[in-house]
Each structure stands twice: as C-alpha cells, then as structure tokens.
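Let's take a walk through this structure together, one piece at a time. Have a look at the sequence and the 3D view before reading on.

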Amino acid sequence: MSDVVVLGVGMHPWGKWGRNFVEYGVVAIQHALLDAGLEWRQVQFVSGAVTVRNGYPGYVAGATFAEALGWTGARVASSYAACASGATALEVARAEILAGRCDVALVVGADTTPKGFLAPTKGERPDDPDWLRFRLLGATNPTYFALYARRRMALYGDSERAFAQVRAKNARHGVANPNARYQREFSVEEILASPMVADPLRLLEICATSDGAAAVVLASAEFARARDGRPIRVRAVSTVTPCFPQTVIEMPNFATDSATGAVAGAVTPFKDAIAAAAYEEAGIGPEDLSLAEVYDLSSAMELDWYEHIGLCKPGEASRLLLDGDTALGGRIPVNPSGGLACFGEAVPAQALAQVCEVVWQLRGVATGRQVEGAQVGLTANQGLFGHGSSVILSR
Amino acid sequence: MTKTLTPAVDGWFTVDEQPALIGNRCISCGTVFFPRVSILCRNPDCNGAEFSDQRLSRRGTVWSYTDAQYEPPPPYVPRGEHRPFAIAAVELAAEGLVVLGQVADGFGVSDLSVGMVVELVVEELFSDEDTTYLIWRWRPVTAP
C-alpha cells in the first residue's frame, strides 16, 4: 500500500471559554496549514469530526469548517464515533487519499463543552441506553471508570496511591505543554486529598471536559515527495469495533453479552483488539514503540491501556509505572503531552490531539517534554458504543 | 393516601415476592440477553428473531463496585438532598452476564467487596406526588 503522510498539525489550546467551537477549529486549521506550508485552496477534502453538543453546525462539521474558511468546492465528510471521532475522520481522509481521489486532505475536530458531568441530550428517550443509564442507575461516565479501577485493585492489588501517581506523572509531563489546559504539577498528596467522585477515583483523577481543537493535514506520499521537509508516515489507523460476545461491561450499557452463549472460541477483548489491529497493519509490535498517547479518562484507566497496547502483561501496569518506565526519560514514555489529565476532553478533537503530539515528538520539537530520539509512536482511544481508535506514526 | 407503585422501566424486572430481572433467550442459538433484544439475535452467526423471556438468577457475585458521591445530572431524578449511593456490577454465573444495578438503600462501598454474594431486591428509585417508581437493586447477602 502506498504511504499517506502527515504534512502539518495544529491545535487551538485547550481551556474553558464557552466560545463557538468553529472559532477554535479555524485556529487549529490555520496552524496546521501553516505547518504544512499549504494554502486553504490546496485542500481537496475536508474530514470533520462531529460534535453533538453544538447544534446543527456540529453535526455537519466537515461542511461547517469548509464554509468557515470559504467554500472552494472541496468534498467534505463528517464522522461521529464519540471519543474516537477524530480517528474515524482521519481514517475517512486517509481512505480518500489511498483511493487516489485526492492528494491533500484536512482533518479537524473542535468542541465547546458544558461544565460538569457529560450528560445525555435532553428529552424523554427511554429507548436510548445512554439516557436510561442516568435515569435508572444514576451511572455517569466516572461510574464506569471507577468500576474498572476497583476491579484492578481487587484483581491485581493496585493501590489508590498508584492511581494518584499516574496523575502526578501526567501533571509533570503537561507542565511544559503550551496547548494543555492545566500546566502545573500536582503532588500525590494533593491528588489523594481531592474530593472522592466515584470511589476509588477522586476529582483530580477524572478528566475534565474542555474546549479545544486539533487539525491534521494528510497528503499522499507522492505529493509530499515534491516538497521540502520530512513528513511523518501514517503507518496504521485502527477503527475496529468489538467482537461478540463483549464480556466486559462497557459504557453506556447495563450488562455485558453472555460469556456462556453459543459463539464458540474466545474472542480478543475489545481494547486489546484496537491496538492489535494497528500493530498488524504497521507490521510492528509494542517493543518497537518510542512513546504512546493513551486515553487516560481516569488515572487508573491509563494503567489498563498499558496492558491493552501490550506494554506489559495484565496486572503488571502499576509495576511499569512505579519503575518509572512510562515517565519521560523512562523506557516507554506514556502521555508525554500530559494526556487527558492536563487537557480535559474535547471529544471530537481529542483523538486528533493525540496524533498532533506524536507528530511533534517524532519531529523532535516537543520542547520541554521531548522523548529523545523518538522513531515510532502509537495513539489509543475508545469511543462509547463500540468505537476503537489507534494510530501508529513513524519518522 | 397510598402512592401507586410502578416499575421505573417496563418489563425489565418482576415485582413479585422473589423479584428477578427479565432477559430473553434466542430460540435458535440459546444466547441469553439483558436487557431483552427484540429485533434480531445479536450473535453474528445467528439469524434468530424469536425469543423467549427468561427470569435471570436472583443471586450473583460482585464483579466490581463504586459509588456516586456527586449528584448525577438529569435524567437522574434525585430523592431530596443528594446522599452518595453505591453501584455494583454483578456477575450471574448461569447466564454468563455482568449486570449493573444500584446497591440497596443502607449499603455503601464499605459494605462491598469483589466476589461477595448479592441478591436482587426491588426498591424505590424516586417518587412524585402520587407514584413511587421502583427499580432493581443489589443487596449484600449476609447469611448464606
């Protein structure tokens, strides 16, 4: 398969201002185009990651941004895959290039989020499991994160202190990241002293909801060859879905599938399958990674990801953390950007923000948080309702 | 005045002496589902579209648990001032399912542990002027 490369990346910093999401997205796009050395008119395809909290313009994100920059006749697409929307939008753009339908595609995601728990859209919708879980269980997103965290403690003996250490590590990483919303250190004691939200997870261990935007300019390798500079290669994009039966409880569901049903043979757990598909496409394994950006919706969930992306065996993640392997300067730094801990989540932008960080790391320009000599990076994330997201990039 | 008692959701559980969750079983492949499936069996190798209702095991073991220290946003309906309530994911061995539920009134996370046996009960979820809405909950089984 011929290569698709990243020519440019850009972000609007993460924060909480409540302004129009289009404004954030346009800033990210302008940064990405400048970074790529391209003009808006050279973009042939616009792939938008959808936001569901900003009315109609959010549902047609691709068109919204094409119009905001000035209609040029470029084709557009808009993708929604919850937290994985950015990766799905990236996959759509990549497929257009691989199909030979365009040479330059722009991918963008931007969001404005309300304060507090992410809640379902309003109205009485008793057929929508995302609505019902709030009504019947009072189950918020942190409920599910906390179930996984408590399970780790029972199964592997992980401690609340180890979870807080994940957060403290990411806080250190994010201090030097100009796009991060929280650029300050937190001590383990401060984290453990923050209010309990969903036992055993505390306020400082659960990701906030943020405003922000990220954009990526993709191009065919052929187009890139005619230009100066050294583009970053897109080695794999995994947007796999689960295999039945799904035997781990997943947001927003009330129950798992039956583990004793009719389907013969064990299936790969979903979160393992997300990265496995990316490794398979790239033809590499976890031992080849220089760094990873994973979805730390909670402190404990970062540890889950170490295992799902194959950095260690199940149960060994907290050891990896406590040995310093996943901190900057360690064997395999995880979330050198500071992760969701320092950004908070801007849903349609977040998977693209992960890609931006890996690109900066591979270029060697991640000032103050650089993984020395980074060659290969992986992103991993999951969107509710069964959306996988993992991207592998290399120099 | 006595309030009317009614399930907060139709057909997901019984409210008899021995309350139980109601799932269903695909007549073609035998797979059990909760909540019930109604359109097509979700086993990808099965085209079954007929199902029989099945009462699920009333007892299971705690897979994991947590609580809600902050009041959840709507459509959650608060019962007065917020008091933390626990939520458990419970493994039903016979069906191979893990099912979420709030934990019975009066029990918190300090009363729970992974692997402990719990039993299904039906309690008030919330109420309005003339109706009490009921929900299933998991209650620790103290005596075997």
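Before anything else, a word on what "touching" means here: two residues are in contact if their C-beta atoms, placed from the backbone, lie within 7 Å. Keep in mind, too, that what you see is a predicted model.

Start where the two chains meet. On one side, 40 residues of chain B take part, and they are in contact with 34 residues of chain A. Which elements of chain B give two or more residues to that side? They are the strands β5 (59-68), β6 (85-92) and β7 (97-103) of chain B. As for the kinds of residue on the side of chain B that touches chain A, you'll find 27 nonpolar, 9 polar and 4 charged ones.

Now stay with chain B and look at how it is divided. The domain assignment gives domain 1, made of 4-15 + 57-140, and domain 2, which covers 22-55. Their C-alpha centres lie 24 Å apart. Where the two domains of chain B touch, domain 1 puts in 7 residues and domain 2 puts in 6 residues. The domain 1 share of that contact splits into 4 nonpolar, 2 polar and 1 charged.

Three of its strands line up in the order β3-β2-β4, forming an open sheet with antiparallel pairing. At the edges sit β3 (32-33) and β4 (51-55) of chain B, each pairing on one side only. In general, strands of a sheet pair through backbone hydrogen bonds. Here, strand β2 (residues 22-26) of chain B is joined to β4(B) by 5 bridges.

Let's hop over to chain A and its helices. Helix α6 (residues 141-156) of chain A packs against helix α11 (residues 299-308) of chain A at an angle of about 65°, and their axes are 9 Å apart. The crossing of α6(A) past α11(A) is left-handed. From α6(A) come A:Phe145, A:Tyr148, A:Ala149 and A:Arg152, which meet A:Ala300, A:Met301, A:Leu303 and A:Asp304 in α11(A). That contact has 6 nonpolar residues, no polar ones and 2 charged ones.

How does helix α7 (residues 160-174) of chain A cross α11(A)? Their axes come within 7 Å and cross at roughly 90°, so α7(A) and α11(A) are roughly perpendicular to each other. A:Phe163, A:Ala164, A:Val166 and A:Arg167 make the contact from α7(A), while α11(A) brings A:Ser299, A:Ala300, A:Glu302 and A:Leu303.

Key: Residues numbered from 1 in each chain as written. Chains lettered and ligands numbered in written order. Predicted model: local features only at pLDDT ≥ 70, side-chain atom pairs only at ≥ 80, totals over all residues. Helix = DSSP H or I, 4+ residues; strand = E, 2+ residues; numbered from the N terminus. Nonpolar A, V, L, I, M, F, W, Y, C, P; charged D, E, K, R; others polar. Pairing = 2+ DSSP bridges. Domains from an automatic or database assignment. Axes fitted to C-alpha atoms, helices over the stretch in contact; angles between N-to-C directions. Left-handed = near helix turned anticlockwise from the far one by under 90°. Parallel < 35°, antiparallel > 145°, perpendicular 65-115°, else oblique.
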